[in-house]
Amino acid sequence: MSAKAISEQTGKDFLYKHICTTAAVQNRFRYANVTAETRWDQLVQDHPWLLTERLVVKPDQLIKRRGKLGLVGVNLDLQGVKEWLRPRLMRETTVRSHTHTHTSHSYIIHSEEEFYVCIYAAREGDYVLFHHEGGVDVGDVDSKAQKLLVGVDEKLRPDDVKQKLLTHVPADKKEVLTSFLVGLFNLYEDLYFTYLEINPLVVTKNGVYVLDMAAKIDATADYLCKAKWGDVEFPPPFGREAYPEEAYIADLDAKSGASLKLTLLNPRGRIWTMVAGGGASVVYSDTICDLGGVNELANYGEYSGAPSEQQTYDYAKTILSLMTREKHHDGKVLIIGGSIANFTNVAATFKGIVRAIRDYQEPLKEHEVSIFVRRGGPNYQEGLRVMGEVGKTTGIPIHVFGTETHMTAIVGMALGHRPIATQPRVAAHTANFLLNTSGSSLTPNSSRTASFSEVNCGKGSSTSCQAKQGAPPAKATTLFSKHTKAIVWGMQTRAVQGMLDFDYVCSRAEPSVAAMVYPFTGDHKQKFYWGHKEILLPVYKNMSDAMKKHPEVDVLISFASLRSAFDSTMETLQYPQIHTIAIIAEGIPEALTRKIIKKADEKGVTIIGPATVGGIKPGCFKIGNTGGMLDNILASKLYRPGSVAYVSRSGGMSNELNNIISRTTDGVYEGVAIGGDRYPGSVFMDHVLRYQDSPEVKMIVVLGEIGGTEEYKICQGIKEGRINKPVVCWCIGTCATMFSSEVQFGHAGACANQASETAVAKNKALKEAGAFVPNSFDELGEIIKSVYDDLVCRGVIVPAKEVPPPTVPMDYSWARELGLIRKPASFMTSICDERGQELIYAGMPITEVFKSEIGLGGTLGLLWFQRRLPRYACQFIEMCLMVTADHGPAVSGAHNTIVCARAGKDLISSLTSGLLTIGDRFGGALDAAAKQFSKAFDSGMLPMEFVNKMKKEGKLIMGIGHRVKSINNPDMRVQILKDFVKQHFPATQLLDYALDVEKITTSKKPNLILNVDGFIGVAFVDLLRTCGGFTRDEADEFVEIGALNGIFVLGRSMGFIGHYLDQKRLKQGLYRHPWDDISYVLPEHMSM
């Protein structure tokens, strides 16, 4: 949602802090909030003026006409405020709400006139309303007030304020009011308000007093206004409580690129919904209410935009938790519905829902919950199969349906209005249409008559009427043809590949995508498939380069983010070759969208979006992900033109219309989703008139929705005869009038601000104008079919002969996703899995790793040994890392690291230089010592026999001997480890054997001690053999493959890094070894 109401306190905060005016704005920051938990002594301490001034008290809960309802107490002292609140605070009022937050502020005693001022946004600009008689009895300000339109990108001028708004204001107050109104309008623009009403506004000799305020801001502008807004808390609509679950989902939504919405209507209700798509969610709510379920409808919500498995799990478990808190005597139903997705992997999102159902299976059965599922889109068959399987394994009644079932049919089944259909056999995957059985790699022949645009437009894709001299350029009547070329802004390779596959299956001679623009990389080529062949498409860093090198392009498809979409679109509008721009991003601030619209109108450019999936012209061109994947494109016959054109707000519902129209008529000629924002770049009438002027279009379908008044222009067009083709129209959102409180639906523009904007009023007007309007969305397909059949009977439509659909190869990655093919993996791993929502170490989720506090030693145990080791083993590993971390700068590894660092090398190079010195002579004796001692011990050799054998063979005993330490100067590192091992290890047989060997070797020479490498080696063998986590063979295998040397490498890496940082910190220069430390030994004949 974009326009969100804020509390009066927040609105006044914004005004007092940020307004810039010469008028003295009084009463700044003189208010206090009172709730049921308020301590009056603390409140007075925080606001001492409460004891000395006369006060006003009123609820700050988005309640309209508080004065008329008796919800304003005036001219009270503090005791009077308490008495006024006592019967009202947290009590249900006559307007059916619990009033729980009240605001007190100073009472302004005045005899002056009260004024009314309001600023609100419209498509064409911002209207400023002013009335010289404000207050509670202001009445119908729309008819009374002076009104001034400030166009988009224009400023409110003082002269206009005086001449057009303040005509009835006393002369002595005009200057003050003019300055205040200009400052107020600038504040309204700067802080991205969409509505700002002050009533009454009082002007005295001391200045301006803002007594009462109502306001809305554009919440999507948070990234622009965060510094000025701060953290804004949006109160719930009047008449509805705020629930923590709603806040939780709102927080998930804010942190996600997807859309997640939840509004609780009746937590005790028996009908719950979990619907994919902003438009589809409204349709399901409408159908539930149409079938008499309004009083049992528990929630409104939607998830869309390809949420991850974890996000859908969190969303689903929240709903399942809510619906299993109270039992209902009739049991409960959960409707998991949705239209046909364009790009969301249905099976992937269903995984999260299935997880939640499994987690809540017992409560769901206890509350007698039945689940009805209907979905379509990429991989939907797999999703439905998994959903059906979870029903069988858990015993929960789950009924699943796909695209063969009308979208809202499951509502009638769930509510008992129609029998539950026998579930048809669903294909196991989505590959049915995609495999090329002909063996040919050539582009398939066209299966139907070419589209009208191709016949009439030649190489150009856009035809436009000649504009009158001096008027803005006329917009194209035909947006796309078989020759349309587009540039795609953004690295959306999947969407581009989908467009190329569509082109191929439509028998286009060339790909519709000429190039891509992506500012975050340098110019390069990107590989795509054209049928069976691989092709390269250029990717440019700059828009100007792309336009210059591809003059044939006249369409831009923008996948820019909401933050960059405005700038990239305004840049695109500089190039006269562009006639159509599709803006996919959702959440662009409305003020910026209106600037785009204004500039596009001046340039004669058609804008589709924002907040859209795009549009499609079967047989010619499709925008991005429109129409979904190839299976849906082929199933809905979008590879060839039909006779029906449609326009919708919703992207998901546009795909549903593709399905409905393909099942009831000869198919779609063109379809556009204009987007769900309040101010879409193009409106219904723009496209309806294009369809009216296209001879190939025989009938028009419009799917409108609650909010806005654009549908009335269609009514006017029908009445005036400008539209004479049959128009089938339905506005979704009829349920809104049945709710007791305002509900903001999934689309930002789906909110009625007056009676004429309701779906019910618009459907009535359309029917009276002569459009074909069904009784509900359930009947939309039937109406479309009856109108189509009539046109066929009258000979207006002559259905073309169907030809089997052409084929196109399936992407390897998608075939893998569907499980259609298999391939030997190039790598195998058994220690870590990063593919899911949570990183897993040897089967242990990363959250559990931290909760268990296993430390670095335990983590190493998981990754190296695939075991959760005992606590003492983890501690021993950490001790080994600590004692091997460093042994001074003189040893070879540290020396090499230092020399490298002083040569100006980077950290990795210096570290590698040091590590490469590790071997049998330096630090690499752990494995060798473990192997030698183990072999001797396991063979039953006595320590003396072992020593003598090694001496006889002329081999060193690895792990024995030290350059500095001796029996008389013991190595404290070894002593520390020995004490720990003796205290905690279950057995130390190999260590005891090594210590016996040490007694023999030190008797010969005192420095032939068991050194730290040898100790760790033999102790680790004891650990592996006796901790209970390994078989003998497994323990020996870890020694054999070099695991123990890893301890030294890991530990000593810490020291090497320390030496590197130390040298850099000390800013040591290039190292050169001194001559006097080198013995130059040259051949005698050269030294002479």
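**Ground rules**
I number residues from 1 along each chain as its sequence is written. I use heavy atoms for side-chain values, leaving out hydrogens and water, and I ask for pLDDT of at least 70 for local features and 80 or more for side-chain atom pairs, while totals for chains, interfaces and linings use all residues.

**Confidence**
I looked up pLDDT, the predictor's confidence in each residue from 0 to 100. The protein chain averages 87, and 90% of the residues score at least 70. Residues 94-100 fall below 50, with 29 contacts (heavy atoms within 4.5 Å) beyond near neighbours in sequence. Residues 426-461 are also below 50, and I noted 82 such contacts for that stretch. A reminder to myself: where pLDDT is low, the predicted coordinates should not be read in detail.

**Helix α6**
Helices here are DSSP runs of H or I with at least four residues, strands are E runs of at least two, and both are numbered from the N terminus. I found α6 at residues 171-190, 20 residues in all. From first C-alpha to last it reaches 29 Å, close to the 28 Å expected at 1.5 Å a residue (1.5 Å times one less than the number of residues). I then checked burial (buried is under 20% relative accessible area, exposed over 50%, partly exposed in between, with a 1.4 Å probe and protein chains only). The buried residues of α6 include Leu177, Phe180, Leu184 and Tyr188. After α6 comes Tyr192, with a positive phi near 55 degrees.

**Aromatic pairs**
I count rings of Phe, Tyr and Trp (its six-membered ring) as a pair if their centres lie within 6.5 Å; planes under 30 degrees apart are stacked, over 60 edge-to-face, the rest tilted. The structure holds 21 such pairs.

Phe14 and Phe193 are edge-to-face, 6.2 Å centre to centre with 80 degrees between the planes. Phe14 is in helix α1 and Phe193 in strand β9, so this pair ties together parts 179 residues apart in sequence. Phe14 is buried at 3% relative accessible area, and Phe193 is buried at 5%.

Phe946 and Tyr993 are tilted, at 6.4 Å and 40 degrees. They join helices α33 and α35, so parts 47 residues apart in sequence are tied together.

I also found a cluster linked by ring pairs, with Trp864, Tyr872 and Phe1038 among its members.

**Charges over rings**
My test was NZ of Lys or CZ of Arg within 6 Å of the ring centre and within 35 degrees of the ring normal. Lys4 sits over Phe234, 4.9 Å from the ring centre. Arg355 lies over the face of Tyr313, at 4.0 Å.
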